[in-house]
Amino acid sequence: GISESLCLQDPEILLERYALTALGNLLGLESSVSKSDYCLDHGDTAVNIQCNSNRKVSSMRLTGIRNKIPTELQMLSELKTLDIQDCTIQTDIFEIFSQQIKILDIQDSTIPTDIFKSLGQQITNLTLVENSPIAFPTEIGNLKNLLHLRMGSSPFLNGTALTIPSEIGKLVNLVRLELYENTLTGRIPSEIGNLVKLERLYLSSAKLNGTIPSEVGNLVKLEELKCDNNTLTGTIPSEFWNLVNLEELWLAINDLNGTISSEVGNLVKLVRLLLSRNDLTGTMPSEFGNFVKLELLSLYNNALSGTISSEVGNLVNLVRLDL
(Lines give C-alpha, C1' and ligand atoms only; values in the text may rest on other atoms or scores of the structure.)
Protein backbone atom coordinates (compact mmCIF):
# COMPACT_ATOMS: atom_id res chain seq x y z
CA GLY A 1 0.00 0.00 0.00
CA ILE A 2 0.95 3.65 -0.31
CA SER A 3 2.55 5.02 2.79
CA GLU A 4 1.06 8.00 4.60
CA SER A 5 4.18 10.10 3.97
CA LEU A 6 3.98 9.50 0.22
CA CYS A 7 0.29 10.24 0.13
CA LEU A 8 0.86 13.53 1.85
CA GLN A 9 3.22 14.55 -0.95
CA ASP A 10 0.37 14.25 -3.46
CA PRO A 11 -0.67 17.85 -4.20
CA GLU A 12 -4.30 16.88 -4.68
CA ILE A 13 -4.45 15.15 -1.31
CA LEU A 14 -2.80 18.17 0.28
CA LEU A 15 -5.53 20.32 -1.25
CA GLU A 16 -8.17 18.01 0.15
CA ARG A 17 -6.61 18.25 3.61
CA TYR A 18 -6.60 22.01 3.28
CA ALA A 19 -10.27 22.04 2.32
CA LEU A 20 -11.26 19.77 5.20
CA THR A 21 -9.17 21.84 7.61
CA ALA A 22 -11.07 24.95 6.49
CA LEU A 23 -14.33 23.14 7.14
CA GLY A 24 -13.19 21.92 10.53
CA ASN A 25 -11.98 25.38 11.55
CA LEU A 26 -15.24 27.00 10.48
CA LEU A 27 -17.27 24.57 12.53
CA GLY A 28 -14.90 24.66 15.49
CA LEU A 29 -14.20 20.96 15.18
CA GLU A 30 -11.24 19.24 16.75
CA SER A 31 -11.93 16.36 14.46
CA SER A 32 -10.47 13.84 12.10
CA VAL A 33 -11.70 15.79 9.09
CA SER A 34 -8.56 17.93 9.27
CA LYS A 35 -6.14 15.16 10.19
CA SER A 36 -3.80 13.34 7.87
CA ASP A 37 -5.68 10.08 8.35
CA TYR A 38 -9.10 11.48 7.41
CA CYS A 39 -9.67 8.64 4.95
CA LEU A 40 -9.23 6.12 7.75
CA ASP A 41 -11.76 7.74 10.05
CA HIS A 42 -15.51 8.10 9.66
CA GLY A 43 -15.36 11.66 10.98
CA ASP A 44 -17.50 12.98 13.78
CA THR A 45 -21.13 13.84 14.35
CA ALA A 46 -21.20 16.99 12.23
CA VAL A 47 -19.05 15.82 9.33
CA ASN A 48 -18.78 12.28 8.06
CA ILE A 49 -16.60 11.50 5.06
CA GLN A 50 -15.76 8.48 2.95
CA CYS A 51 -12.93 8.09 0.48
CA ASN A 52 -12.51 6.14 -2.72
CA SER A 53 -9.63 3.85 -3.64
CA ASN A 54 -7.55 6.88 -4.64
CA ARG A 55 -7.81 8.24 -1.08
CA LYS A 56 -9.91 11.13 -2.34
CA VAL A 57 -13.09 12.22 -0.57
CA SER A 58 -15.98 10.76 -2.56
CA SER A 59 -18.85 11.09 -0.08
CA MET A 60 -19.69 13.60 2.65
CA ARG A 61 -22.52 13.90 5.16
CA LEU A 62 -23.13 17.19 6.96
CA THR A 63 -25.37 17.17 10.04
CA GLY A 64 -26.69 20.06 12.14
CA ILE A 65 -24.63 22.75 10.40
CA ARG A 66 -25.82 26.36 10.44
CA ASN A 67 -22.68 28.05 9.11
CA LYS A 68 -21.86 29.08 5.59
CA ILE A 69 -20.01 26.28 3.82
CA PRO A 70 -16.39 27.25 2.98
CA THR A 71 -15.64 27.62 -0.72
CA GLU A 72 -12.46 25.58 -0.21
CA LEU A 73 -14.62 22.47 -0.43
CA GLN A 74 -14.58 22.78 -4.20
CA MET A 75 -11.04 21.36 -3.90
CA LEU A 76 -12.68 17.99 -3.16
CA SER A 77 -12.50 17.17 -6.84
CA GLU A 78 -13.87 13.63 -6.57
CA LEU A 79 -16.77 14.35 -4.21
CA LYS A 80 -19.83 12.77 -5.86
CA THR A 81 -22.23 12.13 -2.96
CA LEU A 82 -23.47 14.85 -0.60
CA ASP A 83 -25.84 14.03 2.25
CA ILE A 84 -27.24 16.99 4.23
CA GLN A 85 -29.26 16.42 7.40
CA ASP A 86 -30.78 19.03 9.72
CA CYS A 87 -28.81 21.93 8.26
CA THR A 88 -29.39 25.50 7.15
CA ILE A 89 -28.09 25.57 3.61
CA GLN A 90 -27.37 28.59 1.45
CA THR A 91 -27.26 28.69 -2.33
CA ASP A 92 -23.47 28.95 -2.31
CA ILE A 93 -23.02 25.26 -1.47
CA PHE A 94 -24.76 24.28 -4.70
CA GLU A 95 -22.69 26.76 -6.66
CA ILE A 96 -19.57 25.14 -5.21
CA PHE A 97 -20.62 21.62 -6.12
CA SER A 98 -22.95 22.27 -9.05
CA GLN A 99 -20.82 20.48 -11.62
CA GLN A 100 -19.66 17.45 -9.67
CA ILE A 101 -22.30 16.11 -7.26
CA LYS A 102 -24.21 13.15 -8.66
CA ILE A 103 -26.09 12.02 -5.55
CA LEU A 104 -27.69 14.73 -3.39
CA ASP A 105 -29.77 13.87 -0.33
CA ILE A 106 -31.20 16.72 1.77
CA GLN A 107 -33.55 16.05 4.67
CA ASP A 108 -34.91 18.04 7.63
CA SER A 109 -33.11 21.16 6.44
CA THR A 110 -33.69 24.77 5.49
CA ILE A 111 -32.78 25.08 1.82
CA PRO A 112 -32.97 27.74 -0.93
CA THR A 113 -36.44 28.04 -2.46
CA ASP A 114 -34.93 28.03 -5.95
CA ILE A 115 -32.74 25.01 -5.36
CA PHE A 116 -33.49 23.50 -8.77
CA LYS A 117 -31.90 26.47 -10.53
CA SER A 118 -28.60 25.72 -8.79
CA LEU A 119 -28.29 22.03 -9.60
CA GLY A 120 -26.06 20.60 -12.32
CA GLN A 121 -27.25 18.30 -15.07
CA GLN A 122 -24.91 15.53 -13.91
CA ILE A 123 -27.12 14.71 -10.89
CA THR A 124 -28.52 11.18 -11.01
CA ASN A 125 -30.13 10.88 -7.56
CA LEU A 126 -31.99 13.72 -5.84
CA THR A 127 -33.76 13.39 -2.48
CA LEU A 128 -35.57 16.31 -0.83
CA VAL A 129 -37.57 15.17 2.20
CA GLU A 130 -39.09 17.12 5.12
CA ASN A 131 -37.34 20.38 4.25
CA SER A 132 -38.40 24.02 4.21
CA PRO A 133 -40.82 25.15 1.47
CA ILE A 134 -39.42 25.09 -2.06
CA ALA A 135 -40.56 25.95 -5.55
CA PHE A 136 -41.26 23.25 -8.13
CA PRO A 137 -40.21 25.09 -11.30
CA THR A 138 -39.98 24.10 -14.91
CA GLU A 139 -36.19 23.89 -14.46
CA ILE A 140 -36.73 20.37 -13.17
CA GLY A 141 -36.74 19.34 -16.82
CA ASN A 142 -33.05 20.29 -17.12
CA LEU A 143 -31.92 17.43 -14.89
CA LYS A 144 -31.99 14.96 -17.74
CA ASN A 145 -29.65 12.44 -16.14
CA LEU A 146 -31.84 11.90 -13.09
CA LEU A 147 -32.49 8.27 -12.27
CA HIS A 148 -34.16 8.76 -8.88
CA LEU A 149 -36.22 11.80 -7.80
CA ARG A 150 -37.70 11.74 -4.31
CA MET A 151 -39.60 14.73 -2.93
CA GLY A 152 -41.65 13.71 0.07
CA SER A 153 -43.26 15.34 3.09
CA SER A 154 -42.14 18.82 2.06
CA PRO A 155 -44.36 21.86 1.55
CA PHE A 156 -44.00 23.93 -1.57
CA LEU A 157 -43.27 27.63 -1.57
CA ASN A 158 -45.54 29.76 0.63
CA GLY A 159 -47.85 26.81 1.10
CA THR A 160 -49.25 27.45 -2.35
CA ALA A 161 -50.73 24.55 -4.22
CA LEU A 162 -48.59 23.80 -7.24
CA THR A 163 -49.10 21.33 -10.04
CA ILE A 164 -46.56 18.82 -11.27
CA PRO A 165 -44.89 20.67 -14.17
CA SER A 166 -45.25 19.07 -17.57
CA GLU A 167 -41.45 19.34 -17.87
CA ILE A 168 -41.29 16.28 -15.62
CA GLY A 169 -41.75 14.39 -18.88
CA LYS A 170 -38.25 15.43 -19.98
CA LEU A 171 -36.66 13.25 -17.29
CA VAL A 172 -36.67 10.26 -19.61
CA ASN A 173 -34.02 8.36 -17.66
CA LEU A 174 -36.00 8.27 -14.42
CA VAL A 175 -36.31 4.85 -12.84
CA ARG A 176 -37.94 6.01 -9.62
CA LEU A 177 -40.23 9.03 -9.06
CA GLU A 178 -41.60 9.79 -5.58
CA LEU A 179 -43.77 12.88 -5.01
CA TYR A 180 -45.70 11.72 -1.96
CA GLU A 181 -47.24 13.68 0.93
CA ASN A 182 -46.76 17.07 -0.68
CA THR A 183 -48.94 20.15 -1.14
CA LEU A 184 -49.34 19.48 -4.83
CA THR A 185 -52.67 19.81 -6.57
CA GLY A 186 -54.07 19.53 -10.07
CA ARG A 187 -53.81 16.70 -12.50
CA ILE A 188 -51.13 14.15 -13.17
CA PRO A 189 -49.58 15.51 -16.40
CA SER A 190 -49.94 13.32 -19.46
CA GLU A 191 -46.22 13.89 -20.12
CA ILE A 192 -45.50 11.43 -17.33
CA GLY A 193 -46.10 8.81 -20.00
CA ASN A 194 -42.72 9.75 -21.50
CA LEU A 195 -40.90 8.20 -18.55
CA VAL A 196 -40.81 4.74 -20.08
CA LYS A 197 -37.92 3.57 -17.87
CA LEU A 198 -39.90 4.09 -14.64
CA GLU A 199 -40.07 1.13 -12.29
CA ARG A 200 -41.47 2.96 -9.22
CA LEU A 201 -44.06 5.77 -9.29
CA TYR A 202 -45.23 7.05 -5.90
CA LEU A 203 -47.85 9.83 -5.86
CA SER A 204 -49.61 8.94 -2.61
CA SER A 205 -51.19 11.65 -0.42
CA ALA A 206 -50.26 14.43 -2.84
CA LYS A 207 -53.70 16.12 -3.11
CA LEU A 208 -53.87 15.33 -6.83
CA ASN A 209 -57.19 15.45 -8.66
CA GLY A 210 -58.64 14.90 -12.11
CA THR A 211 -58.50 11.73 -14.12
CA ILE A 212 -55.55 9.41 -14.42
CA PRO A 213 -53.93 10.00 -17.83
CA SER A 214 -54.08 7.05 -20.17
CA GLU A 215 -50.42 7.70 -20.98
CA VAL A 216 -49.52 5.95 -17.72
CA GLY A 217 -50.11 2.81 -19.75
CA ASN A 218 -46.84 3.56 -21.59
CA LEU A 219 -44.86 2.80 -18.44
CA VAL A 220 -44.58 -0.90 -19.13
CA LYS A 221 -41.57 -1.35 -16.82
CA LEU A 222 -43.53 -0.19 -13.77
CA GLU A 223 -43.36 -2.57 -10.83
CA GLU A 224 -44.98 -0.30 -8.24
CA LEU A 225 -47.65 2.33 -8.85
CA LYS A 226 -49.01 4.13 -5.77
CA CYS A 227 -51.59 6.89 -6.26
CA ASP A 228 -53.66 6.31 -3.13
CA ASN A 229 -55.15 8.99 -0.88
CA ASN A 230 -55.77 11.66 -3.52
CA THR A 231 -59.02 12.86 -5.12
CA LEU A 232 -58.58 11.22 -8.51
CA THR A 233 -61.78 10.80 -10.53
CA GLY A 234 -63.04 8.94 -13.56
CA THR A 235 -62.48 5.33 -14.47
CA ILE A 236 -59.30 3.30 -14.22
CA PRO A 237 -57.76 3.70 -17.70
CA SER A 238 -57.91 0.53 -19.74
CA GLU A 239 -54.23 1.11 -20.55
CA PHE A 240 -53.43 0.15 -16.96
CA TRP A 241 -53.98 -3.46 -17.83
CA ASN A 242 -50.91 -3.31 -20.13
CA LEU A 243 -48.66 -2.85 -17.10
CA VAL A 244 -47.92 -6.53 -16.82
CA ASN A 245 -44.86 -6.05 -14.59
CA LEU A 246 -46.85 -4.44 -11.79
CA GLU A 247 -46.36 -6.00 -8.39
CA GLU A 248 -48.05 -3.23 -6.41
CA LEU A 249 -51.08 -1.18 -7.52
CA TRP A 250 -52.42 1.27 -4.95
CA LEU A 251 -55.45 3.34 -6.01
CA ALA A 252 -57.33 3.33 -2.70
CA ILE A 253 -58.96 6.42 -1.13
CA ASN A 254 -59.87 8.28 -4.33
CA ASP A 255 -63.11 9.01 -6.21
CA LEU A 256 -62.64 6.50 -9.01
CA ASN A 257 -65.75 5.02 -10.59
CA GLY A 258 -66.76 2.48 -13.20
CA THR A 259 -66.20 -1.25 -13.18
CA ILE A 260 -63.08 -3.34 -12.68
CA SER A 261 -62.23 -4.63 -16.14
CA SER A 262 -61.73 -8.34 -16.69
CA GLU A 263 -58.38 -7.33 -18.23
CA VAL A 264 -57.12 -6.80 -14.70
CA GLY A 265 -56.27 -10.47 -14.93
CA ASN A 266 -53.29 -9.53 -17.12
CA LEU A 267 -51.46 -8.32 -14.03
CA VAL A 268 -50.33 -11.77 -12.96
CA LYS A 269 -47.34 -10.48 -10.97
CA LEU A 270 -49.47 -8.49 -8.50
CA VAL A 271 -48.57 -8.92 -4.84
CA ARG A 272 -50.71 -6.08 -3.46
CA LEU A 273 -53.87 -4.61 -5.01
CA LEU A 274 -55.58 -1.76 -3.16
CA LEU A 275 -58.79 -0.37 -4.69
CA SER A 276 -60.75 0.32 -1.48
CA ARG A 277 -62.68 3.52 -0.65
CA ASN A 278 -63.64 4.48 -4.20
CA ASP A 279 -66.96 4.41 -6.11
CA LEU A 280 -66.29 1.28 -8.14
CA THR A 281 -69.32 -0.70 -9.29
CA GLY A 282 -70.08 -4.05 -10.89
CA THR A 283 -68.84 -7.44 -9.81
CA MET A 284 -65.51 -8.87 -8.80
CA PRO A 285 -63.97 -10.22 -12.02
CA SER A 286 -63.30 -13.95 -12.04
CA GLU A 287 -59.89 -13.06 -13.49
CA PHE A 288 -58.82 -12.17 -9.97
CA GLY A 289 -58.03 -15.85 -9.80
CA ASN A 290 -54.98 -15.18 -11.99
CA PHE A 291 -53.24 -13.42 -9.11
CA VAL A 292 -51.38 -16.42 -7.79
CA LYS A 293 -48.74 -14.19 -6.14
CA LEU A 294 -51.26 -11.89 -4.48
CA GLU A 295 -50.83 -11.36 -0.73
CA LEU A 296 -53.14 -8.37 -0.13
CA LEU A 297 -56.47 -7.59 -1.82
CA SER A 298 -58.42 -4.56 -0.57
CA LEU A 299 -61.82 -3.70 -2.13
CA TYR A 300 -63.91 -2.45 0.80
CA ASN A 301 -66.05 0.72 0.73
CA ASN A 302 -66.99 0.54 -2.95
CA ALA A 303 -70.35 -0.18 -4.57
CA LEU A 304 -69.47 -3.65 -5.83
CA SER A 305 -72.26 -6.18 -6.15
CA GLY A 306 -72.72 -9.86 -6.72
CA THR A 307 -70.99 -12.76 -5.06
CA ILE A 308 -67.35 -13.27 -4.27
CA SER A 309 -65.79 -15.02 -7.23
CA SER A 310 -64.96 -18.64 -6.53
CA GLU A 311 -61.66 -18.08 -8.32
CA VAL A 312 -60.48 -16.24 -5.21
CA GLY A 313 -59.73 -19.73 -3.98
CA ASN A 314 -56.78 -19.77 -6.39
CA LEU A 315 -55.05 -17.06 -4.40
CA VAL A 316 -52.88 -19.45 -2.47
CA ASN A 317 -50.53 -16.72 -1.20
CA LEU A 318 -53.28 -14.40 0.02
CA VAL A 319 -52.61 -13.15 3.54
CA ARG A 320 -55.22 -10.39 3.81
CA LEU A 321 -58.58 -9.95 2.10
CA ASP A 322 -60.52 -6.74 2.81
CA LEU A 323 -63.99 -6.72 1.26
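Reader: How many aromatic pairs does this structure hold?

Author: In this predicted model, the count comes to two aromatic pairs.

Reader: Why is the pair of Phe240 and Trp241 called edge-to-face?

Author: The ring centres of Phe240 and Trp241 are 6.4 Å apart, and a pair requires centres within 6.5 Å. Their planes stand at 80 degrees, and planes over 60 degrees apart count as edge-to-face; the pair is therefore edge-to-face. Both Phe240 and Trp241 are buried.

Reader: What makes the pair of Phe288 and Phe291 tilted?

Author: The centres of these two rings, Phe288 and Phe291, lie 5.4 Å apart, with the planes at 40 degrees. Stacked planes are under 30 degrees apart and edge-to-face planes over 60, the rest being tilted; the pair is therefore tilted.

Reader: Why does Phe288 count as buried?

Author: Phe288 has a relative accessible area of 0%. Buried means under 20%, so Phe288 is buried. Phe291, at 0% relative accessibility, counts as buried as well.

Reader: How do you know that the charged end of Lys226 sits over the ring of Trp250?

Author: The charged end of Lys226 is 4.1 Å from the centre of the Trp250 ring, and the distance must be within 6 Å, with the charge within 35 degrees of the ring normal. The charged end of Lys226 also sits over the ring of Tyr202, 4.8 Å from its centre.

Reader: Why do β9 and β17 stand at the edges of their sheet?

Author: The open sheet has five strands in the order β9-β11-β13-β15-β17, with parallel pairing. β9 (209-211) and β17 (303-304) each have a single partner strand, so one side of each is left without a neighbour in the sheet.

Methods. Residues numbered from 1 in each chain as written. Predicted model: local features only at pLDDT ≥ 70, side-chain atom pairs only at ≥ 80, totals over all residues. Heavy atoms only, no water. Pairing = 2+ DSSP bridges. Helix = DSSP H or I, 4+ residues; strand = E, 2+ residues; numbered from the N terminus. Phe/Tyr/Trp six-rings, centres within 6.5 Å; stacked < 30°, edge-to-face > 60°. Buried < 20%, exposed > 50% of the residue type's maximum accessible area, 1.4 Å probe, protein only.
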